[in-house]
Amino acid sequence: MDTEESIDVLNNLIVINNDRIEGYKTASTETYAGELRSLFSTLEQTSQNCKKELEAEVNRLGGTPEEGTKTSGKFYRIWMDLKAAITGSDRKAILQSCEYGETVAIGAYQDALEADMEDITYEQRAMLNAHLNFLKAYYEKVMSMQELAKSNS
């Protein structure tokens, strides 16, 4: 295992969580529905917790945790703002944007667990699997809320 590679893998996931944090802050401001605000607050807090665990591991390895977001994450938030403005903060549109964000995050974690397997320890893999399980559960929650929104329209 190469420590620098481990740090790179973990920092990539920190950036993904930073994108999620910013994305859910944006989503929260784009809706007046209490149920959605509650969900987005929970998703933001979960991202904060995952980020803290990842940062602690990067620090333990002697690295410096990433602080920013991805350019694509910035574009995602801008797109979500635009879409919400155009659709009048439509519940379905906001949930579709969140579904996209969750899909990207799940993919990043799966890549880290599969493609970068030799770069992470057993303990790191266990942490990433726990994070991935949270992501998948919240993805399912977003999907069920999206289905409910479709059936109510």
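These legends walk through several close-up views of a predicted model. Residues are numbered from 1 along each chain as its sequence is written, and side-chain values use heavy atoms, with hydrogens and water left out. Because the model is predicted, local features need pLDDT of at least 70 and side-chain atom pairs count only at pLDDT 80 or more, while totals for chains, interfaces and linings use all residues.

View 1. From the N terminus on, the elements run α-α-α-α-α. Helices here are DSSP runs of H or I with at least four residues, strands are E runs of at least two, and both are numbered from the N terminus. Of the 153 residues, 45% are buried, where buried means under 20% relative accessible area, exposed over 50% and partly exposed in between (1.4 Å probe, protein chains only).

**View 2. The largest nonpolar core has 21 residues.** A nonpolar core is a set of buried Ala, Val, Leu, Ile, Met, Phe, Trp, Tyr and Cys residues joined through side-chain atoms within 4.5 Å. Leu-10, Leu-13, Leu-54, Tyr-109 and Leu-128 have the most contacts inside this core. Helix H1 (3–29), helix H2 (34–60), helix H4 (91–114) and helix H5 (122–151) each give two or more residues to it.

**View 3. Which residues does Leu-54 touch?** Leaving aside residues up to four places away in sequence, look for Leu-10, Leu-13, Ile-14, Asn-17, Tyr-109, Met-127, Leu-128 and His-131. A contact means heavy atoms within 4.5 Å.

**View 4. A second, separate core has 13 residues.** Among them are Leu-39, Phe-40, Cys-98 and Ala-149. Cys-98 is buried, with a relative accessible area of 1%.

**View 5. Helix H2 has buried residues that include Leu-36, Leu-43 and Val-58.** Glu-44, Lys-51 and Glu-57 are also on the buried list, and the cover over the buried residues of H2 includes H1, H4 and H5. The 27 residues of H2 should span 39 Å at 1.5 Å a residue, and its end C-alpha atoms are 39 Å apart, which agrees; the expected span is 1.5 Å times one less than the number of residues. After H2 comes Gly-62, whose phi is positive, near 90°.

**View 6. How many disulfides are there?** The count is zero, taking a disulfide as a pair of cysteine sulfur atoms within 2.5 Å. Cys-50 counts as buried at 5% relative accessibility.
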